[in-house]
Amino acid sequence: MKSLVVRLDSFGDVLLAGPAVRAVAAGSSHVTLLCGPRGADAARLLPGVDEVLVWEAPWEGFDPPPVSPADVDWLVGRLRAGAYDTALVLTSFHQSPLPTALLLRLAGVGRIGADSVDHPGRLLDVRHRRQEGRHEAEAALDTAAALGFPAPPGDDGRLRVLPPPDTGGLTGNGPYVVLHPGASAPARAWSPHRCAEAVALLADAGHRVVVTGGPAETGLTRRVSGGLAVDLGGRTSPRTLAGVLRMADVVISANTGPAHLAAAVGTPVVSLFAPVVPAERWAPYGVPVILLGDQSAPCADTRALTCPVPGHPCLDEVTGQDVVRAVHKLIQERQP
């Protein structure tokens with residue numbers, strides 16, 4: 001059976017689809033993952049994926065492209081050529097799978113399943129309704145099971161990636177803590193001065209600190225490192241970042257892709273979590289987590305990209321010392 005899994009969102013969203021992808025792979029001869037450009041690197045890290053197909057949907061992302069008939073025709077033709085027997089469409093709780101399902105229908109996909117609040121008409125063969133309070137990773141796995149792909153025996157349902165490389169040459173010798181100061185949206189980020197404060201306090205407490213960030217975040221990582229931490233800003237690919245996070249004692253991160261990547265390699269997370277989306281659905285999954293941030297702040301559940309409250313109090317009232325205490329607690333719990 002040739003199967004297609006669709007997850008059109010960002011890096012972290014695709015990682016959260018990982019357990020569902022493994023379930024589909026266990027019942028398929030070949031799995032293609034259709035994702036957007038922001039999720040492609042994560043898709044290539046997932047076990048069970050045989051092929052990655054990248055397409056930027058005009059209904060996804062912070063700055064979606066215009067609707068292009070030629071672009072849509074290309075995708076429909078590509079999917080038709082794939083001759084998929086079944087497709088699992090995965091979305092967040094606030095998104096509709098139906099635009100994707102329409103294109104899959106036009107491409108002749110044999111059987112389509114998704115979680116849908118909206119009436120699907122003839123667009124879905126299996127319409128799943130998610131249970132209240134389910135984490136996004138669990139909801140995706142539930143939807144896969146509804147389509148006939150239960151979790152395979154022995155699979156614990158946690159996030160997972162392909163084995164990362166040895167990154168000791170980047171981080172140096174000895175234990176360390178990772179701080180990732182960036183975020184995909186400003187409303188989710190802990191401020192740079194708080195991050196720098198945490199680095200200084202962690203160093204004072206005897207920790208080696210490694211600061212990570214993408215190519216566009218080198219100014220931020222340099223500022224946060226302050227000469228006290230190993231600055232890996234712009235120096236890691238997604239695979240090498242997985243290696244860096246895997247060997248860390250603890251990862252400190254906002255609600256952004258690297259927090260989910262840390263969970264996928266089994267590392268505990270201090271999660272600086274702005275409540276613009278619910279933590280019960282989006283917190284790092286399957287690893288020890290300490291959640292910091294006011295979850296009842298006025299921005300709760302707004303899905304805001306920029307903080308609507310002056311001073312960003314939900315996160316910036318968290319201090320560097322709060323983070324140090326959380327790091328120590330997770331390290332103590334991890335010790336045998």
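The side chain of T32 makes a polar contact with the side chain of Y84 at 3.1 Å; a polar contact is a pair of N or O atoms within 3.5 Å, where within protein one must be able to donate a hydrogen and the other to accept it, and residues adjacent in sequence count only if both atoms are side-chain atoms. The structure is a predicted model, in which local features need pLDDT of at least 70, side-chain atom pairs count only at pLDDT 80 or more, and totals for chains, interfaces and linings use all residues. Residues are numbered from 1 along each chain as its sequence is written, and side-chain values use heavy atoms, with hydrogens and water left out.

**T32 and its strand**

T32 lies in strand β2; strands (E, at least two residues) and helices (H or I, at least four) are DSSP runs numbered from the N terminus. T32 counts as buried because its relative accessibility is 0%, buried meaning under 20% relative accessible area, exposed over 50% and partly exposed in between (1.4 Å probe, protein chains only). Leaving aside neighbours within four places in sequence, T32 is in contact with S3, L4, V5, E51, L53 and Y84, where contact means heavy atoms within 4.5 Å.

| Side chain | Partner side chain | Distance |
|---|---|---|
| T32 | E51 | 3.0 Å |
| T32 | Y84 | 3.1 Å |

**Strand β1 and its partners**

Strand β1 (residues 2-7) is mostly covered, with five of its six residues buried. Six bridges join β1 to β2 (residues 30-35), and the two run parallel; strands pair if DSSP finds at least two bridges between them. Within this pairing, S3 has V31 of β2 as its bridge partner. Strand β4 (residues 86-89) also runs parallel to β1, joined by four bridges, and V89 in β4 stands opposite V6.

**Helix packing**

Helices α8 (residues 192-204) and α9 (residues 218-225) pack at an angle of about 45°, with their axes 8 Å apart. Axes are lines fitted to C-alpha atoms, for helices over the stretch in contact, and angles run from 0 to 180 degrees between N-to-C directions. The two helices α8 and α9 are therefore oblique to each other: angles under 35 degrees count as roughly parallel, over 145 as roughly antiparallel, 65 to 115 as roughly perpendicular and the rest as oblique. From α8, P192, H193, C195, A196 and V199 meet L220, R223, V224 and S225 of α9.

In helix α10 (residues 238-246), the buried residues include L241, A242 and V244. The buried residues of α10 pack against α7 (168-171), β7 (177-180), β8 (209-211), β10 (251-254) and α11 (257-264).
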